[in-house]
Amino acid sequence: MGNEVGSEWIRLIVGAVIALAFASLNALFLVWLERKVAGHIQLRPGPKEVGPFGLLQTIADALKLVGKELITPSAADKKLFVIAPVLIFMPVLVGFLVLPFAPELIIRDMNLGVLLIFAFSTFSVLAILAGGWSSNNKYALLGAIRSVAQNVAYEIPLLLTVMSVVLMVNSLRFSEIVQAQGHIWFIFLQPVAGLIYLISATAETNRAPFDIPEAESELVAGFHTEYSGMRFGLFFLAEYTNMFIVSAVATSLFFGGWHGPFGFDMKIPGIVWFMLKTYFLIFVIMWVRWTFPRIRFDQLMNFSWKFMIPVSLANLLVTAVVLKFI
Amino acid sequence: MSYWKEVINGGWSLVEGMRVTFRRLYRPVVTVQYPRQKVELSPAYRGHIEFVKFKETGTHKCVACGQCQRMCPSNLIKVQGIKERAKGRKVGTQYFIDFTRCSLCGLCVEVCPTKTLKFSREYELEGVSRWDGVIDLMARLGETRP
């Protein structure tokens, strides 16, 4: 018994270390990928000077950020100001605990995994609000207010679509949800839910076209206007890690997690399938960012309250009725 | 029903937009990596003025008439010449322009009676002082007379 508790601890610690290392590497890679995708969409080459294909560019940028001075505005609420970047990054890491990378590669297969991940992702709103408010800067405050309104609005359709998947599987455990998609992915059974999930996830991570909390044309940089150095770096890291988590959750909820399409695994290990799909979804999010212009704030709220929430509610209702009479 | 029509049309326009950007992803890059690659200049490109080197004489035909100097709206041309033989023509010996003030109007090229001025194709004209903008046209031609 004692031995088992010990091994559980080791599993957690090793998992946390791997998650931390992976989150940083992933963010470095994603920033590079984003710049490359943006470049090629605009017929530019993107970063290409530092390292092969510019791969080391983000490492150089990170080094620069680490070397910069951490400025705290004199009028800021100092404690909150310092704590906000940590607060935004910590819950993001928690997400890695329950993500089902492969059948045997889950740090902790909780029976409330889906709930845990969404409960903790709500934390980032709090961190953004804390950061924006404590900066004592009107742009930062406006960005924070917008972010809260937006996140509250888009969390509802997000959770409603997740609910319809959970209804089908009757479980909040990630491994069971993925197992249920062995033959057919849920995106084919729940196309509306999948689409709404992707849209709300883009809004949840504050990505364009829903990036009004940091709309640089109106708000300088939004909630992180006053942040510099590695504190700003942490916000950045959290954004890209959030993107990964959101895509990984989409992969396991709608795109069959570690399974190949239609039950064909083709002897490829589950983790490869999982990563392929996750990075493809991340690519789609970037592709969307460099295609569509930012939408206005009232349009954003209208879209959520008047369209996405009714549609996702109807979707949930239809799912429930169909499951009842099937 | 027009509401749903709008939703479908709007949704389709989004897909169309994504298609456009995706096609651009694999199109060749148009950026020219400047110091390593250079763009071919347009034939109408105007750099600062320089002398035409005529084949038959192997040199310029400047007669130091000073029309360009007088015509220049920014007054940035300085030309001097000497008379080598008693009954011969005057020959230009010194020709300086201050390119920092030049507006490339081309009046000097137009007014030149011997057609010995033309626009160069020079565009890498960085310098560290304002005197780097002063160009010695005789030196450019490889002709230096005392």
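A salt bridge is a side-chain nitrogen of Lys or Arg within 4 Å of a carboxyl oxygen of Asp or Glu. With that term in hand, I shall present the structure before you, which is a predicted model.

I begin with the interface of the two chains. Between chain A and chain B the count is one salt bridge. Which residues form it? Arg36(B) pairs with Glu49(A), and their closest N and O atoms lie 3.1 Å apart. That distance falls within 4 Å, so the pair meets the definition with which I opened.

Which helices of chain A each supply at least two residues of the side that touches chain B? They are helix H1 (2-41), helix H12 (270-289) and helix H13 (297-325). On this side of chain A, 10 residues are nonpolar, two are polar and four are charged. In total, 16 residues from chain A and 17 residues from chain B take part in the contact.

The size of an interface is often given as the accessible area lost when the parts come together. Here, the area buried between chain A and chain B is about 1500 Å², and carbon and sulfur atoms give 69% of that area.

I turn now to helix packing inside chain A. Two packed helices are described by the angle between their axes and the distance between the axes.

Consider helix H9 (residues 191-204) and helix H11 (residues 229-254) of chain A, whose axes come within 11 Å and cross at roughly 170°. An angle over 145 degrees counts as roughly antiparallel, and H9(A) and H11(A) are therefore roughly antiparallel to each other. From H9(A), the residues Ala193(A), Gly194(A), Tyr197(A), Leu198(A) and Ala201(A) meet Val246(A), Val249(A), Ala250(A) and Phe254(A) of H11(A). Eight residues of this contact are nonpolar, one is polar and none is charged.

Ala119(A), Phe120(A) and Ser121(A) make the contact on the H4(A) side, with Phe123(A), Ser124(A) and Val125(A) on the H5(A) side. These residues divide into four nonpolar and two polar, with no charged residue.

Thank you for your attention.

Technical notes:
Residues numbered from 1 in each chain as written. Chains lettered and ligands numbered in written order. Predicted model: local features only at pLDDT ≥ 70, side-chain atom pairs only at ≥ 80, totals over all residues. Heavy atoms only, no water. Contact = heavy atoms within 4.5 Å. Helix = DSSP H or I, 4+ residues; strand = E, 2+ residues; numbered from the N terminus. Nonpolar A, V, L, I, M, F, W, Y, C, P; charged D, E, K, R; others polar. Buried area = accessible area lost by both parts, 1.4 Å probe. Axes fitted to C-alpha atoms, helices over the stretch in contact; angles between N-to-C directions. Parallel < 35°, antiparallel > 145°, perpendicular 65-115°, else oblique.
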